[in-house]
Amino acid sequence: MIPIQIDPSWPAGARMGFLEATGLPPLASHPALEARRLEHAAFTSPPPQAQQLHANAAAKFQQIMRVPLKTYKHVPTRDHNDSAEERYFLHQGWASFYQGRDAQDKDPETAAGLMSRAQQAFKNARDEGLWSRMAATSSNLKIKRTCWFCHREMQGLELNIQYYPAHTTEYGRALVRTLGQDVTAIGEGGSSVAVCLPCATMVQNQADAYAQRRTEELKGELQPQINKLVSAVNALSERIARLESSAHRH
Ligand SMILES: [Zn+2]
């Protein structure tokens with residue numbers, strides 16, 4: 001049998017297409033190739049489909065957990081080319097991640113749990129980068145802060161809560177403490193305060209609207225002056241042109 005020659009510089013899709021065109025029996029009868037087809041679709045699909053495709057890919061890799069990976073030697077992916085077990089955990093992690101992303105708008109607590117599940121799966125897949133990313137996402141989703149403006153407690157840093165730059169004095173920081181309020185509403189170093197998403201976007205949108213209005217006003221004030229300058233420059237240019245042409249004649 002002639003060995004399959006595949007150029008690793010080809011894009012993943014082209015390489016998969018080549019693999020499928022090598023005359024091997026239909027994909028469905030090869031769980032390993034079916035798993036590859038599913039994971040390729042998962043990595044190239046938008047979130048709503050990606051979650052299901054990653055879950056399906058994980059299920060397929062689970063079926064071949066004890067079988068050595070063959071095609072990955074010829075057509076390697078970016079990482080985790082050594083075992084079906086790692087690829088199983090990798091896809092399980094991605095499926096939980098997308099499930100968490102889907103849940104976070106409705107319930108940050110549930111989303112934090114799903115991100116923790118993704119974190120564990122990526123840990124089992126021995127993926128240090130993804131594992132630490134999920135750990136950070138999960139712990140951010142668990143964080144609760146009281147909004148500096150509306151005094152509502154909200155959950156989910158970088159989602160429902162963000163810190164805005166602000167000035168505080170020692171007196172102001174002590175006051176929050178003596179009033180028994182949420183001291184973590186003032187950021188580390190005292191140069192920011194926690195703001196909930198509705199308050200933050202209200203400030204941003206209104207500031208944008210004011211800035212836009214002021215820009216239009218300034219444009220209106222400056223336009224007549226600009227027009228005046230343009231006509232003065234035009235008049236000067238014409239005068240110079242006339243002077244030049246009369247100088248040529250003499
Ligand atoms: Zn608020």
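Reader: At what angle do helix α3 and helix α5 pack, and how far apart are their axes?

Author: Two packed helices are described by the angle between their axes and the distance between the axes. Here α3 (residues 47–63) and α5 (residues 84–103) pack at about 155°, with axes 8 Å apart, which makes α3 roughly antiparallel to α5 (angles over 145 degrees count as roughly antiparallel).

Reader: Is the crossing of α3 and α5 left-handed or right-handed?

Author: A crossing is left-handed if the near helix is turned anticlockwise from the far one by less than a right angle, and the crossing of α3 and α5 is left-handed.

Reader: Which residues of α3 and α5 meet?

Author: Residues are in contact if their C-beta atoms, placed from the backbone, lie within 7 Å; among those in α3 are Ala-50, His-54 and Phe-61, and those in α5 include Arg-87, Trp-94 and Tyr-98.

Reader: Where does Arg-126 lie, and what is its phi?

Author: Arg-126 is in the loop between α6 (108–124) and α7 (128–142), and its phi is near 60°, a positive value in a residue other than glycine. Arg-126 has 16 other C-beta atoms within 10 Å and is partly exposed (between the limits of 20 or more for buried and 12 or fewer for exposed).

Reader: Is His-151 buried or exposed?

Author: His-151, in the loop between β1 (144–146) and β2 (153–155), counts as exposed with 11 C-beta neighbours inside 10 Å, and its phi is also positive, about 60°, although His-151 is not a glycine.

Reader: What should I know about numbering and confidence?

Author: Residues are numbered from 1 along each chain as its sequence is written. In this predicted model local features need pLDDT of at least 70, side-chain atom pairs count only at pLDDT 80 or more, and totals for chains, interfaces and linings use all residues.

Terms used:
Axes are lines fitted to C-alpha atoms, for helices over the stretch in contact, and angles run from 0 to 180 degrees between N-to-C directions. Helices (H or I, at least four residues) and strands (E, at least two) are DSSP runs, numbered from the N terminus. Angles under 35 degrees count as roughly parallel, over 145 as roughly antiparallel, 65 to 115 as roughly perpendicular and the rest as oblique. Two residues are in contact if their C-beta atoms, placed from the backbone, lie within 7 Å.
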